[in-house]
Amino acid sequence: MEAVRNAAAVASSLRLTRTKPPPHPTLTSPKCFCLRKEDAFGNPSSETSLPKLEGHQTDVFEVEELETNDDDIWKLFAHAQRNILYLNKQRLTAMEELKKVQEERDLLLEKIEQLEAQKQTGAQTEPVASSSFADLLLRIDSMVISGMIGSGEASSLRKKVMDSRSQINDAFCEIRHKTDMELLSELRLFTEKMTQNPLHIVHICSEMDPISSCGSLASYVTGLSCALQRKGDLVEVILPKYSNINLDAIQGLRRIDAEFDSYFGGHWHKNRVWIGVTRGISVTLIEPLNYSTFFNRDRLYGYSDDFERFSYFSRASMDYLVKSGKQPDILHIHNWETAIVGPLFWDIFVHQGLGATRVLLTCHDITSQCLEQPSKLELCGLDPHRLNRPDRFQDNTKMNLVNVLKGGIVYSNKVVMVSTIHSRDSLIHSLNHGLEPTLAIHKEKLLVAPYGFDGDKWDPSKDKYLPRNYSAYDIEGKAACKVALRNRLKFSGYSSVVVGCIYSSCTFDVSTFDVDMDNLKAAVRYAMNKGAQLVFMESETPVMNSLMKALQNELKDANVRFIEKYDDALAHLILAGSDIFLCSSFHDPWLQMPLKAVKYGSAPISLNLASDGFRQFKVRDSRGSSQSEYLRQSGWGDCGSTAASQYLLSTYGNMSIGQALDEINTEPSRWAWRIKDGMSKDFSWDAECCDIHRAAYTFIKNL
């Protein structure tokens, strides 16, 4: 390279100082270099001619003689440049190939290391997995011996565990810290998933917790949907896009760019669609563009045009399903607000790709029915002349009006009445709602399902708010929770019994349940005279607050506490620290306090069945093996009732606060059995409520 640069410098100098020189006399037409090639031992060999410098140079050459002129120098320079560029290109190519080889080598080494690590891990985890599998089978044996399950269910569980061993190892790798009840619940859920076919369920409703909530429907939709998805079903929810919606509760909320048309009032109208996820449930919000004021209001309900609002939403929901191409197995509609989906489905949409879909209606308040002029059915595309008939929409009492809830009952494949305490017969005959003839005709499609609660949040064995967790099989922690509650409320002295009470506007709604405040006062005074300490947590309902204020002023005592505002953490501690829990009624769709009290080992005592602080009837068995005439007349029998209802009524339906206090003091072993028996039961959404709905879905799907 240095020689080439020197030659280039000389050539440049010559070009600057003189014109082209005459040809050299001795080298007028040189075509090659004369080189002497040495052999491997340094001895000269024969001459070799190299017409060009391009090529592969494998030997060492020595220039012996060179005579040239300026043109030859420039040719040499050009040849040298080309060869330098070529060699540089070859060098870069070689470097790239070397880099690729090194990367492949590194990847190969990494794969070898991973395989070795997997081999070592497999060797270590195989005995662990085998140990977990064997431990699971032994735990099933333990459940049989303890009487938790029968031998038949145990045999079925063992067979299903053996048939799905690989999946069992993944799902139940850590079971030693779980109680038998927790493990049994997970086993039942796991085996149920293995045997059932998943369903696609779409809720069309007006509420969902925590997005838009006004009553018990909101928690029901969310609780049931989450329970169904945990069992392997696909659940979606369609809601109106209210202006006061809780947008923070929706993850990944976004607006779909495209809009869709829906029919209303003789015209097609544009709608905007928003999608997101709440607690793992897919949520679709429908926003009307032309009728934007329908859901741009302070409240969810209570307007003169509620029928127009929710019939628009119901029709738009069906148009959206068809437009999106969804073909759900089940359309689940709720209360009168979306009951009109039933006739819309069968009269208009069933032949638009939804032939395999079936409809289930849920009714939370049978007294809320929505009566309207028949002509208004035309707004969403229905034919009033065809529907305004006694066997369809016509109201049973006011013949000139149509009953929207009645139409939903008639046009649904199944109807679920949601109530923790009422039986099917009591709902049909005893509530004076005006739909008795309709329900009697469609009795075979009626079911009753109880409410539930969040089993992850309301469980003393894993409650994060408690100072010490406990369960039916290890109940010692409850005493620690009672001490913590008494300390927090600054109760002085010692009391063996704590009585709690948490109420909402629904729990103590005097207009609905006719709670006699004199009876409540009598019950409280009786408990105080027996040495009990009482705690009341107030709601934010002004009417109830005024009633409780009056009670507070009359019952000023060192052993009574009134909490002025609901506090979720304190609610958990009150449930855990109380021995007795006062309820206006066992029917508490808003908070489900009676069922939560049972789960936390606190006996629910209903004041709605008492004329003073005590029961007005006597029974032969205090465990409730014989129901009273009062209960039978109230429609709280066991015909078509839920397991939750039967348990509450048989265990606590005949118990007054006086009887509860007496049993605590005089028969502690019997009381302990009663409490543990209730705590071992599952009243969450995943239990009876979900099972009843899942069975109903499967039944109508197979119609």
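Rings of Phe, Tyr and Trp, the last taken by its six-membered ring, are treated as a pair if their centres lie within 6.5 Å. In this predicted model, ring pairs link Tyr242, Phe264, Tyr291, Phe294, Phe295, Tyr301, Phe310, Tyr312, Phe313 and Trp336 into a cluster.

By the pairing rule, the count for the structure comes to 22 aromatic pairs. The ring centres of Phe536 and Phe562 are 5.1 Å apart and the planes meet at 10 degrees, so this pair is stacked, planes under 30 degrees apart being counted in that way. Phe536 and Phe562 are both buried. An edge-to-face arrangement is found for Tyr647 and Tyr652, with 6.3 Å from centre to centre and 80 degrees between the planes, and both of these tyrosines are likewise buried.

Charged side chains also lie over aromatic rings. Lys241 is placed over the face of Trp274, at 4.9 Å from the ring centre, while the charged end of Lys596 sits over the ring of Trp458, 3.9 Å from its centre.

A polar atom of the Asn335 side chain lies 2.8 Å from the backbone nitrogen of His364. Leaving aside residues up to four places away in sequence, Asn335 touches Leu217, Leu361, Thr362, Cys363, His364, Asp365 and Leu405.

Technical notes:
Residues numbered from 1 in each chain as written. Predicted model: local features only at pLDDT ≥ 70, side-chain atom pairs only at ≥ 80, totals over all residues. Heavy atoms only, no water. Phe/Tyr/Trp six-rings, centres within 6.5 Å; stacked < 30°, edge-to-face > 60°. Buried < 20%, exposed > 50% of the residue type's maximum accessible area, 1.4 Å probe, protein only. Lys NZ or Arg CZ within 6 Å of the ring centre and 35° of its normal. Polar contact = N/O pair within 3.5 Å; in protein donor to acceptor, adjacent residues only side chain to side chain. Contact = heavy atoms within 4.5 Å.
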